[in-house]
Structures are given as C-alpha cells and as structure tokens.
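This report describes one protein for a reader who is new to structural analysis. Please look at the sequence and the model before reading on.

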Amino acid sequence: MLLYLPDITESERQLVVDELLTGETLNNGSTLRNYELTLSHYRAGETISLTFAGQFAVESACDRCGVPVEVSVEVKEQYILFPEQSSPDMDYVYSGDAIELGPFVREAIVLNIPQKILCDEECKGLCPVCGRNRNDVDCGCMNNG
Ligand SMILES: [Zn+2]
Ligand SMILES: [Zn+2]
C-alpha cells in the first residue's frame, strides 16, 4: 500500500489502512487475525508525520498452558519521517514520490503485541510432573509433593 507524497498536505488527512497482513505469522509466533487501523498523516515542511491508530487481534499460544488464545490490542504509533537525501541517518526516511506503508503497519502491530499472552489470568498452566493441562484435569501430582 503506497501513500503518494502529493497527497500529504499540511492539514491532517486520514485513510483506512487496507494492507493485506491478516493471517501473517508475526515475529513471536503470533498470528494476526484482523485489524482496523486508521492512518492520520500530515507534513510540516519536509517532515512527514504518520500516526496509526486502531486495534488488532492476534492469536497466540497461552504462555502457561499452550492453548491458542485470541487477544485484541489497541494501537497508537506515530512515525516522523525525514527526506532521505538531507537526513540519511534518521530512523525513518522517505525518498521518491511515495511511501510504502507495509513496513510501518507491520511494525506498529508488532510493537504492541503483549509480551505475555495468557488464556486466563488464573491459568494454572501445564503440570511440571505429568505435562497435563491443569485447567482441564486435576492430576493431583502437585498435591502429593
Ligand atoms: Zn493458559
Ligand atoms: Zn500432573
């Protein structure tokens, strides 16, 4: 998905992000289920501001018991982009006549995936003795010392 530079004006504009990322596996093994993100963009001289806001859902394995869980997450990430020719050392730069939004969308999502995903705050996890899911069965191993 490209954002063309002439479309970025000094007054803020918004567009709905429709980059096709749903179903992608992200870096920590989470799968993106769906997302609704709005991009607000404007320029101040040569500097361009991109703000992604909205929410997404990821499916991931519960950190304790391994059962798949889906969590929804709020996002608000702003990126300030500089022209590459005058500021090549900045983290975010643009050149040419358009900005490829895919990498920004992906990063805004990845940055907001929770470090710890649990099926339930009270999840009892797997039994370290017999390996069974202690939410489903009371195997009793832990009670017998
Ligand atoms: Zn769990
Ligand atoms: Zn057990």
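In what order do the five strands of the open sheet lie? They follow the order β2-β3-β4-β5-β6, and the pairing is mixed. Two strands count as paired if DSSP finds at least two bridges between them.

## Basis of the description

The model is predicted: local features need pLDDT of at least 70, side-chain atom pairs count only at pLDDT 80 or more, and totals for chains, interfaces and linings use all residues. Residues are numbered from 1 along each chain as its sequence is written, while chains are lettered from A and ligands numbered from 1 in the order in which they are written.

## Overall form

The protein has seven strands and one helix, arranged from the N terminus as β-β-β-β-β-β-β-α. Here helices (H or I, at least four residues) and strands (E, at least two) are DSSP runs, numbered from the N terminus. The protein is more spread out than a compact globule, because its radius of gyration is 21 Å, well over the 15 Å that the globule rule gives for 145 residues. This radius is taken over C-alpha atoms, and the rule is 2.2 Å times the number of residues to the power 0.38.

The C-alpha trace spans about 70 × 30 × 20 Å along its principal axes. Of the 145 residues, 17% are buried. A residue is buried if 20 or more other C-beta atoms lie within 10 Å of its own, exposed if 12 or fewer, and partly exposed in between, with C-beta atoms placed from the backbone.

The strands β2 and β3 are antiparallel and share four bridges; valine 16 has threonine 38 in β3 as its bridge partner.

Between β3 and β4 there are 13 bridges, again in the antiparallel sense. Alanine 44 is opposite threonine 47 in β4. The hairpin of these two strands has two residues between them, and glycine 45 there adopts a positive phi near 65°. Next, β4 runs antiparallel to β5 (residues 68–83), to which 14 bridges join it. Phenylalanine 52 faces glutamate 77 of β5 across this pairing.

## Helix and core

The helix α1 packs on the sheet and touches β3, β4 and β5, its direction making about 130° with that of β5. Such angles run from 0 to 180 degrees between N-to-C directions; axes are lines fitted to C-alpha atoms, for helices over the stretch in contact.

The largest nonpolar core contains 17 residues, and Phe52 and Val105 have the most contacts inside it. A nonpolar core is a set of buried Ala, Val, Leu, Ile, Met, Phe, Trp, Tyr and Cys residues joined through C-beta atoms within 7 Å. At least two residues of this core come from each of β3, β4 (47–61) and α1 (102–112); β4 supplies the largest share, five residues. Among the residues that valine 105 touches, not counting those up to four places away in sequence, are Leu37 and Phe52. Two residues are in contact if their C-beta atoms, placed from the backbone, lie within 7 Å.

## A buried loop residue

Serine 30 lies in the loop between β2 (13–16) and β3 (31–44). Why is serine 30 counted as buried? The reason is that serine 30 has 22 C-beta neighbours inside 10 Å. Leaving aside residues up to four places away in sequence, serine 30 touches Val58, Glu59, Ser60 and Ile113.
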